[in-house]
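Here is a short briefing on one protein chain. Look at the structure first, then read on.

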Amino acid sequence: VSARAMAECRDIAKVLNSDINTIGVNWILNSNIFFNFDDAGFPGDIQESLESKKWWVSKAALFQEFLSNAVRSDNMLMTCVCKNSSNLGLNVGETSEDEYFKFNFNCGSYTRDKSIILDESVISKMSLPKPNIFLSDFKSTQLSLLSQLDTVGKKMKDEIFNNNTKNFSNLDTPKLILDEEGCQLWFKKEFVNIYKGKTYLTLEFVNTYIPASPESTSFADIFTEILNKKLNTQLYPASIINYTWKITASVKGDCRISINVAGPTENLFYITNFILKYFLSLKKHLNELVSKQDFRNARIKIRRKYEKLQSSNSYLIGLLASAAIQDENLWSPETRFECLENITYDDMELYTKEFFSSCVVSGFLNGDVPNFTDENPFTESLALIKELFENNLSVNKDSYHFPSSYVFSSANEYSIYPETSKDDTSSSIFMIFQTGFRSDIYSKTMTELTAHIMHSALTSVPVSYTHLTLPTICSV
């Protein structure tokens, strides 16, 4: 429903009810003095001053008078967000608590013979939302917040729209701004207006002492599922002010977990540190923060994810199989599923303890971040990382190597025939041609050019097909 349509309905209702002087149509419609903050004389929140308290109490009395004169109480339910609504004229039973956000509320019928009394005892018991801790500039009063919104609105109205086309001549080359033993941070600054005030940060934690295996992959999947579930409620205030975040498990098959945070630059590191502090609490108090039921729920969700992969169409199965041929440490859904069924809560405890015993950290920061010459906003994050891993940021040089692609032998051909779902009636064929190493600029460039030419030639052929899987030409 558009705002214009709603306004028309409101105006028509005013005309139809214009003769009901005793009721006063302003108390029925959404656009009225009782609900609007932009009316003359609006004093702000009820707790801002004595004047605002008197104003709100007078409006509550007028509204109660309207209810008594125009509404049948038997046909009306009222909800109050507070711990005790006995003084508000509600016939209710026990106080309820929201399952997810843990605020108290009452819901019941309205008592006509009881007056609404907004005294200090009632106001202090109301479950008003707490201030958003992820806001950088908290306004203590509603009037000051409305004033700031009005200023921002006028500024946006007068803002000249800029051309947001990306200027590649302005692109910055990533720079290594932090290089310590076991920890690196790369930074790439954005100059385009569309990215102004926005930043993306990813931190990757790799334990090089835990060998790559299907068990490690399943552990990481369960662990990150638990972390995302636990942090979801705590970081909800950040999500409503345009921050996004995600904790992901490795796609490379080794013991690797990533933190990804994006949003306004101002409090990005504060949110990152919030997540790192939760990691620290989890390390110290795993049994208190994660129950066995939490573990079971996470394992069920990951099992469904694996089952969905197993029942995928032939194209997706073929894509996964071709990736397993090319890259190290990629396990089939069947192998992961088998390992997942054998993992217990005690196993997860041991895995968590071992994972946080040692790690290598690499990060990439991209966006509109001030120069690091004056102050490095990553300083606190680095201190938390060192505390989390007890300053043991080291690489297992004896046995660890970064996951890479297999080098095919020119004398052999490799093939794989994965099973697909019985309900899938389609078929797919993948062909992979390995041409050289990625470090060879000439081979890589010629590979990309050849793949582009083949793609253009095949897609321009006037043939009838349901799906055409093009040959994959890649560098190692």
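Is helix H7 mostly covered or mostly uncovered? It is mostly covered, with 12 of its 17 residues buried. The model is a predicted one.

**The chain overall**
- The chain has 476 residues, and 34% of them are buried.
- Its secondary structure comprises 14 helices and 12 strands.
- Among contacts with a separation of 6 or more, 74% join residues 24 or more positions apart.
- The accessible surface is about 29,900 Å². Carbon and sulfur atoms account for 54% of that surface.

**Helix H7**
- H7 covers residues 268-284, which is 17 residues.
- From first C-alpha to last, H7 reaches 25 Å. That is close to the 24 Å expected at 1.5 Å a residue.
- Its buried residues include the aromatics Phe269, Phe274, Tyr278 and Phe279.
- Leu268, Ile271, Ile275, Leu276, Leu280 and Leu282 are also among the buried residues of H7.
- Thr272 and Asn273 are buried in H7 too.

**The largest nonpolar core**
- The largest nonpolar core holds 61 residues.
- Phe205, Ile222, Phe355, Ile385 and Phe389 have the most contacts inside this core.
- H7 gives the most to this core, with 10 residues.
- Beyond its neighbours within four places in sequence, Ile385 touches Leu203, Phe205, Leu276, Val361, Phe378 and Leu393.

**Aromatic pairs**
- The count of aromatic pairs is 12.
- Phe223 and Tyr351 form an edge-to-face pair, because their ring centres lie 6.3 Å apart and their planes meet at 75°, where over 60 degrees counts as edge-to-face.
- Phe223 sits in helix H5 (residues 214-234) and Tyr351 in helix H12 (residues 345-355), so this pair ties together parts 128 residues apart in sequence.
- Phe223 and Tyr351 are both buried.
- Phe355 and Phe356 are also edge-to-face, because their ring centres are 5.3 Å apart and their planes are at 75°.
- Phe355 is buried, at a relative accessible area of 1%. Phe356 is buried as well, at 1%.

**The ring cluster**
- Which residues do ring pairs link into a cluster? They are Phe205, Phe219, Phe223, Phe279, Tyr351, Phe355, Phe356 and Phe389.

How values were computed
Residues numbered from 1 in each chain as written. Predicted model: local features only at pLDDT ≥ 70, side-chain atom pairs only at ≥ 80, totals over all residues. Heavy atoms only, no water. Helix = DSSP H or I, 4+ residues; strand = E, 2+ residues; numbered from the N terminus. Expected span 1.5 Å × (residues − 1). Buried < 20%, exposed > 50% of the residue type's maximum accessible area, 1.4 Å probe, protein only. Phe/Tyr/Trp six-rings, centres within 6.5 Å; stacked < 30°, edge-to-face > 60°. Contact = heavy atoms within 4.5 Å. Areas by Shrake-Rupley, 256 points an atom, 1.4 Å probe, with all protein chains shown as cover. Core = buried A, V, L, I, M, F, W, Y, C linked by side-chain atoms within 4.5 Å.
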